[in-house]
Amino acid sequence: MKVLRHLSPLRLFIAVTAAMISCPFVVQGENAVVRALVWSDEFDRDGAPDPAIWSFETGFARNHEDQWYQPDNARCENGVLVIEARCDSSLSRPNPDYEPGSRDWRKERPWIGITSSSLHTAGKKEVGYGTVEVRARIPVGRGAWPAIWLLGTGMEWPSCGEIDIMEYYRIDGVPHILANACWGTDTRYSAKWNSKRIPFEHFTGKDPEWADKFHVWRMDRDSESIRLYLDDELLNEIPMSETVNGSLGNGENPFTKPMYVLLNLAIGGDNGGAPDLAAMPMRYEIDYVRVYR
């Protein structure tokens, strides 16, 4: 800035304009914080998602969910990423990982009845301190479990850290929007959770057509806290002073490190509940993903 002070007004205008073009930014928050765009995907090209940004999970993944993940269920069209869950009512597609007598839930299922997609940026794009903003329209049929989330690397879950910017599923039959984070404890695969569960009627009571519209989910992360928003409403604020791993995570704070983004539409499983097959196909539509410093 010392250099800019000595420029003429015209040269100063040119220099600032050039900086704006090369480093897009937004001014956000009460204190007018300037956030520079680090990377984004606007999903403006039709066809498969950009392989320079996104990779896919395949198979049965986690939480005893009903869907088989595959790339075929994700596509870009009309400026949005569509993740579509589909039902094969004939149950005619065999599970290639099937092993008779297996106690692994991924291998004990002989058939694939539902397919969907899960995309992630691992090894390609990261999120450090700053903001993640995602504009999306979510499916809300019974059994739907759409999510926007982050995972760390270099340690087993949950010591790697997990931030759920958005989850939607039914709790005891009641639809909820969730905003969570978890980290490691002294016990393997046992997480410490900070979770907020907001009944869906909190949103539909204000707007009965809420589910038909796109909404903006946002995460702000800095050295003080993780803040999770929906349409600028703060849903959960998690102090970084609390997010310290147990002994299995070497007492580290996983949220001080870069993480990667996941977008997926799960069906059923431990939280989704029994799916409404008549509601298939279900569409989860993402307008953009933007990451700011």
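Buried means under 20% relative accessible area, exposed means over 50%, and partly exposed is whatever falls in between, using a 1.4 Å probe and protein chains only. The model here is predicted, so local features need pLDDT of at least 70 and side-chain atom pairs count only at pLDDT 80 or more, while totals for chains, interfaces and linings use all residues. Residues are numbered from 1 along each chain as its sequence is written, and side-chain values use heavy atoms, with hydrogens and water left out.

**Figure 1. The whole chain.** The protein chain has four helices and 20 strands; these are DSSP runs numbered from the N terminus, with helices being H or I of at least four residues and strands being E of at least two. Of its 293 residues, 47% count as buried. Take the contacts (heavy atoms within 4.5 Å) between residues at least 6 apart in sequence: 67% of them join residues at least 24 apart. The accessible surface comes to about 14,500 Å², and 52% of that belongs to carbon and sulfur atoms. Areas come from the Shrake-Rupley method with a 1.4 Å probe, and for residues only the protein chains shown count as cover.

**Figure 2. Two nonpolar cores.** A nonpolar core here is a set of buried Ala, Val, Leu, Ile, Met, Phe, Trp, Tyr and Cys residues joined through side-chain atoms within 4.5 Å. The largest one has 51 residues, and I163, I177, W217, L263, Y284 and I286 touch the most other members. Strand β20 (residues 282-292) gives the most to this core, with five residues. Apart from it lies another core of seven residues, including A61, W145, Y169 and L178.

Figure 3. Side chains of opposite charge can pair when their charged atoms come close. The rule used here asks for a side-chain nitrogen of Lys or Arg within 4 Å of a carboxyl oxygen of Asp or Glu, and the count comes to 20 salt bridges. In this view, R135 and D287 meet at 2.8 Å, N to O. R135 sits in strand β11 (residues 130-137) and D287 in strand β20, so the pair ties together parts that are 152 residues apart in sequence. D287 counts as buried at 18% relative accessibility, whereas R135 is partly exposed at 29%. Elsewhere, salt bridges with shared partners join R75, E77, E84, R86, R137, R283 and E285 into one network.

Figure 4. For R45 and D50, the closest N and O atoms are 3.9 Å apart. R45 is partly exposed, with a relative accessible area of 45%, and D50 is partly exposed too, at 24%. For D104 and R106, the closest N and O atoms are 3.7 Å apart. Both ends of that pair are partly exposed: D104 at 28% and R106 at 30%.

**Figure 5. Around S55.** S55 belongs to strand β3 (residues 55-56) and is buried, with a relative accessible area of 19%. Leaving out residues up to four places away in sequence, S55 touches S118, L119, H120 and K124. With K124, the side chain of S55 makes a polar contact of 2.9 Å. Such a contact is a pair of N or O atoms within 3.5 Å; within protein, one must be able to donate a hydrogen and the other to accept it, and residues adjacent in sequence count only if both atoms are side-chain atoms.
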